[in-house]
Amino acid sequence: MKAFGSEKLNIFPFSYRRHDQFTVKEGKLVKYKGHKSFSMQQLSIRAKHTQSRRQISPVANGMINNEDGGLLLIGVQENGLIHGLMLSKSQQEHLVTNIIDTCDRLRPKVPRHFYEINFIQVKLTNSKAKEEKTYLSDETNIPHLFRTTKLCWCDYQAITSINLGFLHKCWIIELTIHSLSHSDLQMIRYI
Ligand SMILES: [Zn+2]
């Protein structure tokens, strides 16, 4: 487990299989998102115009304002189909930091203990892919680039890595917004 700042990546010890499907329908408490654009600034002009993609933060914000909290699963299509997002460790850190950055900028600011960010690996069903190797060092303190449609250094690093044939693992990102009673929301682990 690698720490960055005061954070560490929370990785669950179990995994999902790609193309399995959650049977729980989307509702007030559960939302699926197939992409990781958390803030509006990350959406391309085209995406904003066509509304083909909506940023995640309003959904999270709605759950924060809902006293029952909620569960947002990123890397899952709207119909519950598990796809996963291929992310390097740096990209995982980027995502966590980006979520925190967005929550910090909401007014009122959302305290860190209101939510949890976890990663669950998605195993490819017919994977002939090479296992992830630490080809490019993830150990760097370069700040990630937020609030822009531009790619961050961690994305370029991941692309270079993939082009060289080193695939990263696929993940579902589970963002749990705690209920106001602060008791943990029952998480969906069964499909
Ligand atoms: Zn980054």
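This is a predicted model: local features need pLDDT of at least 70, side-chain atom pairs count only at pLDDT 80 or more; totals for chains, interfaces and linings use all residues.
Residues are numbered from 1 along each chain as its sequence is written.

The protein has four helices and eight strands. Helices (H or I, at least four residues) and strands (E, at least two) are DSSP runs, numbered from the N terminus. Along the sequence their order is β-β-β-β-α-α-β-β-α-β-α-β.

Two strands count as paired if DSSP finds at least two bridges between them. E7 and E8 are antiparallel and share eight bridges. E5 also runs antiparallel to E8, with five bridges joining the two; here Ile74 stands opposite Ile173. Strand E6 (residues 85-86) pairs with E8 over two bridges, again in the antiparallel sense, and Met86 has Cys170 as its bridge partner.

How much of E8 is buried? A residue is called buried if 20 or more other C-beta atoms lie within 10 Å of its own, exposed if 12 or fewer, and partly exposed in between, with C-beta atoms placed from the backbone. Eight of the eight residues of E8 are buried, so the strand is largely enclosed by the rest of the structure. In a regular strand the side chains alternate between the two faces of the sheet. In E8 both faces are covered: Cys170, Ile172, Glu174 and Thr176 are buried on one side, and Trp171, Ile173, Leu175 and Ile177 on the other. Across the protein, 28% of the 191 residues count as buried.

In soluble globular proteins, nonpolar side chains tend to be buried together.

Contact here means that the C-beta atoms of two residues, placed from the backbone, lie within 7 Å. Leaving out residues up to four places away in sequence, Ile173 touches Ile74, Gly75, Leu95, Ile117 and Phe119. Among contacts in the protein between residues at least 6 apart in sequence, 77% join residues at least 24 apart.

Val76 lies in the loop between E5 and E6. Val76 counts as buried because it has 26 C-beta neighbours inside 10 Å. Its contacts, not counting residues up to four places away in sequence, are Phe22, Tyr32, Gly34, Leu81, Ile82, His83 and Ile172. Tyr32 is 44 residues from Val76 along the chain, and their C-alpha atoms are separated by 5.4 Å.

Helix H4 (residues 153-163) has buried residues at Cys154, Gln157 and Ala158. Seen down the axis of H4, these fall within an arc of 100 degrees (taken from the directions from the helix axis to the C-beta atoms), so they line one face of the helix. H3 is included in what covers them. The face turned away from the buried side carries the exposed residues Tyr156, Ile159, Thr160 and Asn163. Just after H4, Gly165 has a positive phi of about 95 degrees.
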